[in-house]
Amino acid sequence: MKKALTLAGSDSSGGAGIQADLKTFQEHDVYGMTALTSIVAMAPNNWSHDVTPIDVKTVEKQLNTILSVGIDAMKTGMLGSVDIIELGASKIKEHKLDKVVIDPVMVCKGEDEVLQPENTDAMRELLLPIATITTPNLFEAGQLAGTGPIHDVDGMKEAAKKIIDLGAENVVIKGGKALEHDKAVDLFYDGSDFLLLEKDKVATNYNHGAGCTFAAAITANLAHGMPVKEAVIAAKNFVHAAITHGWKLNQFVGPVMHGAFNTK
Ligand code: PXL
């Protein structure tokens, strides 16, 4: 059995975070293990997010459990604090983990919480240099690369180059449907060649958890031994199906359907 770790937060509503990761690992026949960094709860009246951090010692104990078992690949999601980013980086180095997907989660969709710039700096300095691949959205790519807002494929290429210069082995920037482009495009770059991954835009707002699901699918594919580029292409197909079958959970949120690729 292939095994994967997710170091991430809990989304109580079930669409994103470790919930998305575990569901996605399961769909890929990968055994998931979790080191929880934070717990996100949503207010019933307006769905505003409330984040409770887990103390770093407790995160370390979870990592020690999981790393004593051993893993084939791992991903990071919401990390919450510089201490946890430092801990994650030092465990990756200590255990010489070599299939590491860094999803540089900065804010949740729809939330305009103040960014924590110290977390962005720590991710850039400590996690990108040990990333097999990082999976920023347009906003995160602009923050990591320091290019500012990205609007088009040329801007994505410029940011991708900077992110490789910062030490990541590979990057896929999720343009999604926000980009000024008639398709939903993601840009993969391995330091030598660009690959544009294009899909028709899906007319839905029910796409909560798409980013986590995409990064988790890449992680599962790497755990199975797929080369990085193939892992990304397969993950894009997986998440496209999940978005196509996104559904309304309540008046505030609609998650992707994590199992759609296998069941629809
Ligand atoms: O989609 C980003 C994200 C990641 N992780 C957790 C979240 C969210 C957004 O809601 O709650 C735990």
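Predicted model: local features only at pLDDT ≥ 70, side-chain atom pairs only at ≥ 80, totals over all residues.
Is Lys-174 buried or exposed? Lys-174 is buried, because its relative accessible area is 14%, under the 20% cut-off.

- In soluble globular proteins, nonpolar side chains tend to be buried together.
- The largest nonpolar core here has 45 residues, and the members touching the most others are Leu-63, Ile-71, Leu-127, Met-156, Ile-163 and Ile-173.
- Helix α6, spanning residues 153–165, gives the most to this core, with six residues.
- Another core, of 28 residues, lies apart from it, and includes Phe-214, Ala-217, Ala-235 and Phe-238.
- Beyond residues up to four places away in sequence, Ile-163 touches Leu-128, Thr-134, Pro-136, Ala-141, Leu-144, Ala-145, Ala-168 and Val-171.

**Helix α1 and its surroundings**
- Helix α1 covers residues 17–27, and its buried residues are Gly-17, Ile-18, Gln-19, Ala-20, Asp-21, Thr-24 and Phe-25.
- Those buried residues pack against β1 (2–11), β2 (30–42) and β4 (73–76), as well as α7 (210–223) and α8 (228–244).
- Just after α1 comes Asp-29, which takes a positive phi of about 60°.

**Back to Lys-174**
- You can find Lys-174 in strand β7, which runs over residues 171–176.
- Its side chain reaches the backbone oxygen of Thr-135 at 3.0 Å.
- Leaving aside neighbours within four places in sequence, Lys-174 is in contact with Asp-103, Thr-135, Pro-136, Asn-137, Leu-138, Met-156, Val-185, Asp-186, Gly-211 and Phe-214.
- Among these contacts, Met-156 is also one of the residues touching the most other members of the largest core.

Definitions and conventions. Residues numbered from 1 in each chain as written. Heavy atoms only, no water. Core = buried A, V, L, I, M, F, W, Y, C linked by side-chain atoms within 4.5 Å. Buried < 20%, exposed > 50% of the residue type's maximum accessible area, 1.4 Å probe, protein only. Helix = DSSP H or I, 4+ residues; strand = E, 2+ residues; numbered from the N terminus. Contact = heavy atoms within 4.5 Å. Polar contact = N/O pair within 3.5 Å; in protein donor to acceptor, adjacent residues only side chain to side chain.
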